Amino acid sequence: MPKKQADLLNAEKVFSRLDRPPWFSISTQELSLLLNVNPASLWNWELRRTFAPAEPLGSHIRAGNKRMYIPAVVLSYLSRREGSVVEPWQWVRRWLAARSMVSATAEPGAVLAAVLAISKVKVFKAKWKMRGELFEPRMREIIDGVPET
């Protein structure tokens, strides 16, 4: 009999516990604390491909071999698992709207523009920085939902 996957916190609870913008990277250790699960569980789920995908190794500055996740992608995965579909860009919009940085009805293009503008003026300090040449294409992929070619 297969073991059941650990009970994860729901997306709303995780969103309320988030201590950084949802497009800022988070390490496996930080994510395990946020989700209240053992870090080994995250590794196991990643190997089995039963959890939100981690960012590619080497995509972050000074991260070594740490696996990084984008919280908005994790939140989207959790919401899908709960039966509702909340896209990553909608989590980003909600976070920005709560801080009056975009309208609560902003479209993906406006959300992307806000994220890129905020990253340029460094309003928030990122603990884990994505490599400069990878940041904008990855944000376009997350927010527009279209991979860069």
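Which residues of α2 are buried? In this predicted model, local features need pLDDT of at least 70, side-chain atom pairs count only at pLDDT 80 or more, and totals for chains, interfaces and linings use all residues. Residues are numbered from 1 along each chain as its sequence is written, and side-chain values use heavy atoms, with hydrogens and water left out.

The buried residues of α2 are T28, E30, L31, S32, L34 and L35, where buried means under 20% relative accessible area with a 1.4 Å probe, counting protein chains only. Helix α2 spans residues 28-35, and because six of its eight residues are buried, the helix is largely enclosed by the rest of the structure. The cover over these buried residues includes α1 (11-17), β1 (26-27), α3 (39-48), β2 (68-69) and α4 (71-82). Just after α2 comes N36, with a positive phi of about 65 degrees.

The chain has seven helices and two strands; helices (H or I, at least four residues) and strands (E, at least two) are DSSP runs, numbered from the N terminus. Read from that end, the order of elements is α-β-α-α-β-α-α-α-α. Of the 149 residues in the chain, 44% are buried.

On a 1 Å grid over the protein atoms alone, a pocket is an open set of points where a 1.4 Å probe fits, with protein on both sides within 12 Å along at least five of seven lines; lining residues have an atom within 4 Å of a point. The largest pocket has a volume of about 480 Å³, volume being the space filled by probe spheres set on the points. Its lining consists of 22 residues, with S119, A126, K129, M130 and F135 nearest the centre. Both α6 (108-121) and α7 (132-144) supply at least two residues of this lining.

The second largest pocket has a volume of about 290 Å³. Among its 15 lining residues, E55, P56, R138, E141 and I142 lie nearest the centre. Helix α7 gives the largest share of this lining, five residues.

Note on methods. Buried < 20%, exposed > 50% of the residue type's maximum accessible area, 1.4 Å probe, protein only. Contact = heavy atoms within 4.5 Å.
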